[in-house]
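Please read this briefing alongside the sequence and the 3D view. The points are grouped by topic.

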Amino acid sequence: TYHLARQLAKAGHQIDVLTSRLKGQPSQAVEEGYTVYRVFSWRKGIHDCGFRGALSFVFSAIPRFLTLTKRNQYDCIHYYFGLPTGLLSLLPGKHSRIPYLVSLRGSDVPGYDPFNKRLQQFHKLLMPITRVIWKRAHAVVALSNNFKSLAEQSLNIKFGVIPNGVETSEFPYGGSRSVKGPLKLICVARLIERKGIQHIFQAIKRLKGKDIQLTVVGEGPFHNTLVELAEHLSIADRVDFAGFCTSKEVAEKLARHDAFVLPSMAESFGMVFVEAMSSGLPIIATRIGGIPDIISEQNGTLIESENVTELTDAIEHYYEHREQLSDIGARNRRKVEEEFSWTRVAERYEDTYRTAINSSDDTEK
């Protein structure tokens, strides 16, 4: 949302963002050409909303949302997440005559995370509401083709596909990788079971005779389990838990590593993959969700989810063929610049907004 709003503001559009408020943040501020309005949300953490945070955000957002849409002449409303944010589209008021776009991000699509039984029950209960929100929208956009196919199982409408972007200047190309010394792997993710980090540990255990180091960036409820697993597998000296890092710190760490690995068991898109590619890293990932839209044989290695043998082979291949890393990394950087820059992504959203506005005008006529 931040990068898209900033890019649209640069293009001369008037942008207002309504979002949740974190501790120490002002309730209203002008930032880089657009205005941010923040409301209370009882979140679990900065990167973890949870059911409680989602519900409290919607209730807190209602009065501010109604005030903003009544006071301002908006041409289009963009809801990030069909649920919970899209629930605001169902409120009565002036905004009901404004065309709107819904961006499907992951957990807001039924069937996205089969490992989260509570989420699946939630979607089953709210399926009629989800369908209304999507059906009334002038455009519904998914992050990937796979994610689009998943959404089509819930409602037979026309879905668009627009990926996330990356600010290439914030994740600069790291240049050539060393062919000597340890193979330095990095993983950036929320520490939850479905990210599959435990499978990386098992693969490293199997590669006992190889000089391989892994940095794990992120925090989450699976942290203690992973620490215990590293000790149990006797690889604790080969794994560095870096904890939470700012975007700048992540970029600095990516530049100092040789390859990026994240064997997720569910993933709608995966911003971290594009950020690693922007930094010039080869990628090892799973053949699930939106990942195949990003990764191919030319810029990384795709494996089956939960297949430790394939993961081990992929890591060993990079270890034994270090001379390939720089060429793959250079291709990744070019791919990001051509397909995943925020300039390009914002242009695609602009086209979608215009189409939604024009279709709304045609309907009124």
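Is Ser41 buried or exposed? Ser41 is buried, with a relative accessible area of 8%; buried means under 20% relative accessible area, with a 1.4 Å probe and protein chains only. This is a predicted model, in which local features need pLDDT of at least 70 and side-chain atom pairs count only at pLDDT 80 or more, while totals for chains, interfaces and linings use all residues. Residues are numbered from 1 along each chain as its sequence is written, and side-chain values use heavy atoms, with hydrogens and water left out.

- Ser41 sits in the loop between β3 (34-40) and α2 (50-71); helices (H or I, at least four residues) and strands (E, at least two) are DSSP runs, numbered from the N terminus.
- Not counting residues up to four places away in sequence, Ser41 touches Ser20, Gly53, Ser56 and Phe57, where contact means heavy atoms within 4.5 Å.
- Arg194 is in the loop between β8 (183-188) and α5 (197-206).
- Arg194 counts as buried because its relative accessibility is 16%.
- Leaving aside neighbours within four places in sequence, Arg194 is in contact with Tyr112, Asp113, Phe115, Ser264, Met265 and Ala266.

**Nonpolar cores**

- In soluble globular proteins, nonpolar side chains tend to be buried together.
- A nonpolar core is a set of buried Ala, Val, Leu, Ile, Met, Phe, Trp, Tyr and Cys residues joined through side-chain atoms within 4.5 Å.
- The largest nonpolar core has 86 residues, and those touching the most other members are Leu104, Trp134, Ile197, Phe201, Leu214, Phe260 and Ile315.
- Another core, of 19 residues, lies apart from it and includes Tyr80, Ile162, Trp342 and Val345.

**A helix pair**

- The axes of α8 (residues 271-278) and α10 (residues 325-339) come within 7 Å and cross at roughly 115°; axes are lines fitted to C-alpha atoms, for helices over the stretch in contact, and angles run from 0 to 180 degrees between N-to-C directions.
- Val274, Met277 and Ser278 of α8 meet Gly329, Asn332, Arg333, Lys335 and Val336 of α10.

**The second largest pocket**

- About 280 Å³ of space lies in the second largest pocket; on a 1 Å grid over the protein atoms alone, a pocket is an open set of points where a 1.4 Å probe fits, with protein on both sides within 12 Å along at least five of seven lines, and lining residues have an atom within 4 Å of a point.
- Its lining has 13 residues, and Ala139, Lys158, Gly160, Thr352 and Thr355 are the closest to its centre.
- α11 gives the most to this lining, with four residues.

Conventions. Buried < 20%, exposed > 50% of the residue type's maximum accessible area, 1.4 Å probe, protein only. Points joined across faces, edges and corners; volume = space filled by probe spheres on them.
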